[in-house]
Amino acid sequence: LSNSENVTIAKTQAQIYGFIASVFNHRPDLDFVKTLRGSSSHFINDLAMGVDLPTEVNLGMREMADFSKAAERKPDAQVEQELAVEWTRLFRGLSPQFSPIPPYEGGYIVSGISDNEILLSVTQFYRECGFSIGEEYQDRLDFIGMEINFLSHMAEVEAQAWELGNFDQAQFYQDKALEFLDEH
């Protein structure tokens, strides 16, 4: 691939990871509802109808497209509340009868690794790659939103390295992101 293609790919990955991380890290608000009603709605519909995706991904895209279409007839505040309730149910684990296990890596590892070992490993990855966590962040470092935010950061710094012509550094960030995906 050319250098400009590598820059474009890394920037696109950073945007996609950034969007996904924001969905996990921030309870939906009115701005999010407006985004859903805008160009995102068309993007979701296009993906649901025209792209060859794995079956479970396609079903998820269709559910999002159906929700987006139904939401068009509802007031913004109602859609915001529905999304906020579902977000809380899915990502905060209110109770085993109502919610799935919250999306912390430690809750899904079955290999006998302790939560502390997972948190230490994740923290070492973050530190080694120069990823800083804002003071406003109040969740565990193995929360899926934080881990995806880290991958967004990795793609951003990779893109910057490609732009500066620092190919070794770009490859380092690319390799570390793949290693993180494999391990976490």
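Asp139 sits in the loop between α7 and α8. Helices here are DSSP runs of H or I with at least four residues, strands are E runs of at least two, and both are numbered from the N terminus. The model is predicted, so local features need pLDDT of at least 70 and side-chain atom pairs count only at pLDDT 80 or more, while totals for chains, interfaces and linings use all residues. Residues are numbered from 1 along each chain as its sequence is written, and side-chain values use heavy atoms, with hydrogens and water left out.

Leaving aside neighbours within four places in sequence, Asp139 is in contact (heavy atoms within 4.5 Å) with Arg92 and Tyr104. Asp139 and Tyr104 are 35 residues apart along the chain. Their C-alpha atoms are separated by 9.6 Å.

The protein has 9 helices and 0 strands. From the N terminus on, the order of elements is α-α-α-α-α-α-α-α-α. Along the principal axes, the C-alpha atoms fill a box of roughly 50 × 40 × 35 Å.

Two helix pairs were examined. Axes are lines fitted to C-alpha atoms, for helices over the stretch in contact, and angles run from 0 to 180 degrees between N-to-C directions. Angles under 35 degrees count as roughly parallel, over 145 as roughly antiparallel, 65 to 115 as roughly perpendicular and the rest as oblique. The axes of α7 (residues 115-128) and α9 (residues 167-183) come within 11 Å and cross at roughly 170 degrees. The two helices are therefore roughly antiparallel. On the α7 side, Ser121, Phe125, Tyr126 and Glu128 make the contact. Ala, Val, Leu, Ile, Met, Phe, Trp, Tyr, Cys and Pro count as nonpolar, Asp, Glu, Lys and Arg as charged, and the others, Gly among them, as polar.

The axes of α2 and α5 (residues 76-92) come within 9 Å and cross at roughly 105 degrees. That makes α2 roughly perpendicular to α5. Helix α2 contributes Leu30, Phe32, Val33, Lys34, Leu36 and Arg37 to the contact, and α5 contributes Asp76, Ala77, Val79, Glu80 and Leu83. The classes are 7 nonpolar, no polar and 4 charged.

The structure holds 8 salt bridges (a side-chain nitrogen of Lys or Arg within 4 Å of a carboxyl oxygen of Asp or Glu). One of them joins Lys11 to Glu163, with the closest N and O atoms 2.7 Å apart. This pair links distant parts of the chain, Lys11 in α1 and Glu163 in α8, 152 residues apart.

A cavity is a set of points where a 1.4 Å probe fits but cannot get out; a pocket is an open set with protein on both sides within 12 Å along at least five of seven lines; lining residues have an atom within 4 Å of a point. Grid points are joined across faces, edges and corners, and a volume is the space filled by probe spheres set on the points. There is 1 cavity of 30 Å³ or more. The largest cavity holds about 30 Å³. Leu36, Arg37, Ser68, Ala71 and Glu72 line the largest cavity. Helices α2 (30-37) and α4 (55-71) each give two or more residues to this lining.

The second largest pocket holds about 270 Å³. Its lining has 16 residues, with Asn25, His26, Glu136, Tyr137 and Met146 nearest the centre. The lining divides into 6 nonpolar, 7 polar and 3 charged residues.
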